[in-house]
Amino acid sequence: MASPPTSPLTVFATILISASSSPTIHVYYQRYDSVYRASGINGPLSASTVTYTVSSATYNTTLSDGKAFKVTYNRTVYTLLFASSPEKFEGYVNVSAYTNNTITIKTDLPDLIRIVIMSANETELIWAGFNATDINAYAYINGTSEVMLQFANGSTIANATLAINKENVSISNKISLYLFPVTSVEAKVSVSGELTATAQIPRRYSPLLVSINYNGTESNATVNGYKVTTAYFNGTLTPALFWKGEGLVPVMSGKGNIRADFETIEFYGVNGTILGYVHISSIVGNLEMIPVKIGLNYNIAFTELKIVTVSGVKQVHANFMGYTYINGVPVMIVGNDEGNITSTAIVNISHLVIVNNHKGVLAEITLNSTSKFVVLTEANTTHNVSVTLPLLVNVTNVHLNGNVHVAQKVVVNVSSQYILFNVTTLNNGSIIGVYKVENDTLVKLNSSNYFIINGKLEIFDDPSSTYYVVYSAQPTSSTTSSTTLTSTSTSSASTTASVSTTLTSTTSPSATSNITATSSSNTMTYIAIGIIVLIVIIVIAVVLVRRR
């Protein structure tokens, strides 16, 4: 009978992750500052005057991490006068959000002054100006968000909000608004200048220094805490670390509530390499000042947005995800059914395996110089994998489907739900299968569950105590141990086989085996008869000698 077909054996080396001290990054930078100041003499609306100031700067560049760059900004001051009575306006709003962190808004409604994204409890001013109808801007959208359009409305601001569920969507709504019409607009560019910004990749699981430069004053803070989570980046859900801070801006005069918020989200690509990060600093609120006979109300909105991608790092499109812990620190792991994996920790090794007839990913991850093996399953669960050393490795012969093969019998210590162990392979042809002993039968492991790393055969299982690594080579006559296996047809998951064996090799007292061994009575009979015949011949020879 012909030998069973051999399946390809995965061979790869340990993945070495070495982060460059200064990787090449691409920075998308956007900054808008908007102050809507309404004033009125003794408060009558007919005398309302609005001074609306907008500063804007957008830039994108490729540079080394941590390097400063200069950005040109423009400041425009609008003076707006309004009618004394509101009017109804109807129009459309089209919003298209894209996976490359850009957004397009089109509208025919008048007097538009701001566009704000509200995503994951963060307010993000992505555009400020006056009466635009077609706007393109950078925007970070993390899953479900809202797009708020703000319109000049006398001494107040009118809002229209649209919900978007995820990136790469387009929505269109018809909107009705009651607005005080603008009767007069005067605009002039008062300042054009240059500012300096930096882009610095955060260190994972470390405190983060953040700074906000607003109105010429720079504020710094250190955030010690972080959240381990997932977040969208370039349209794909990835493992992420999330730093967030907030506080109130001191008001020197008048009364009001001005809040400063910032968040930094770092994203991770294949094998846990840093994919990029997003930093959003925002200041929003109101300030009221009441000098003699004149009331002043300031509505403030400011956002500095940095979207940074690291060159050459690939994303992993997630099919399943889970948590684990290294020394009590939470780690997010994301994988797919192609065996690719990413994590907030460094991934040293990853391999597609079969767990309970479903796909999973076996991985070794490292955080702060501590490593562990885990398996991530399609059920979005993560299990620890114990690395164990074989208690015994013996060379034996295996009779498999009418053919004799060289094999290694491996006895291991069962220590957890999942184990990983390795053996040094023999130079006796290719491996045609790995079997485990289960309920006195052999179960063939799925070929995905064993593979070569750095010249050694790694075996992952759920597990058993005894395994056989079967080779295509024929045994030599000097082999003293043999095992007879009758194998059923191979399935995609496993193969069971009945076992009858004859073993004469010495085994370690610590080794255990579910295989029943029987001695050969025919061999012993032949030996006894031979001894008797030899004794008879010797006796006859002695008698003949004496007669002489």
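**Entry 1: E122 and K244**

I looked up E122 and K244 in this predicted model and found that their side chains meet in a salt bridge, with N to O at 2.9 Å. E122 belongs to strand β8 (residues 122-128) and K244 to strand β17 (residues 236-248), so the pair ties together parts that are 122 residues apart in sequence. I then asked whether each partner is buried or exposed, taking under 20% relative accessible area as buried. E122 has 3% relative accessibility and therefore counts as buried. K244, at 30%, counts as partly exposed.

**Entry 2: Other salt bridges**

I noted that the structure holds 7 salt bridges. One of them joins the side chains of R31 and E304, at 3.5 Å from N to O. I located R31 in strand β2 (residues 24-41) and E304 in strand β20 (residues 294-310), so this pair ties together parts that are 273 residues apart in sequence. R31 counts as buried at 15% relative accessibility, and E304 counts as buried at 9%.

I next examined K436, which forms a salt bridge with E438; their closest N and O atoms are 3.4 Å apart. K436 is buried, with a relative accessible area of 4%, whereas E438 is partly exposed at 35% relative accessibility. I recorded that salt bridges with shared partners join K436, E438, D461 and D462 into one network.

How many of the 9 residues of strand β29 are buried? I found that 8 of them are, so strand β29 (residues 403-411) is mostly covered.

I then followed the pairing of β29. Strand β28 (residues 392-400) runs antiparallel to β29, and 9 bridges join the two. Within this pairing, V393 stands opposite V410 of β29. The two strands, β28 and β29, form a hairpin with 2 residues between them. In the turn, N401 has a positive phi of about 55 degrees.

I also found β29 paired with β35 in the antiparallel sense, over 5 bridges. Here Q408 has V469 in β35 as its bridge partner.

**Entry 3: Aromatic pairs**

I turned to the rings, for which the count comes to 12 aromatic pairs. I looked up F421 and Y467: their ring centres are 5.1 Å apart and their planes stand at 55 degrees, so the pair is tilted. F421 lies in strand β30 (residues 419-424) and Y467 in strand β35 (residues 466-471), so the pair ties together parts that are 46 residues apart in sequence. Both F421 and Y467 are buried. Elsewhere on my list, ring pairs link Y36, Y52, Y78 and F130 into a cluster.

**Entry 4: Nonpolar cores**

Which residues touch the most other members of the largest nonpolar core? I found I103, I115, L149 and F151 in that position, within a core of 48 residues. I listed the contacts of L149, leaving aside its neighbours within four places in sequence. These contacts are V93, I105, L112, R114, I115, A158, N159, A160 and L162. A second, separate core has 24 residues, including V210, W243, I326 and V347. I kept a general point beside this entry: in soluble globular proteins, nonpolar side chains tend to be buried together.

Conventions
Residues are numbered from 1 along each chain as its sequence is written. This is a predicted model: local features need pLDDT of at least 70, side-chain atom pairs count only at pLDDT 80 or more; totals for chains, interfaces and linings use all residues. Side-chain values use heavy atoms; hydrogens and water are left out. A nonpolar core is a set of buried Ala, Val, Leu, Ile, Met, Phe, Trp, Tyr and Cys residues joined through side-chain atoms within 4.5 Å. Buried means under 20% relative accessible area, exposed over 50%, partly exposed in between (1.4 Å probe, protein chains only). Contact means heavy atoms within 4.5 Å. Rings of Phe, Tyr and Trp (its six-membered ring) pair if their centres lie within 6.5 Å; planes under 30 degrees apart count as stacked, over 60 as edge-to-face and the rest as tilted. Helices (H or I, at least four residues) and strands (E, at least two) are DSSP runs, numbered from the N terminus. Two strands pair if DSSP finds at least two bridges between them. A salt bridge is a side-chain nitrogen of Lys or Arg within 4 Å of a carboxyl oxygen of Asp or Glu.
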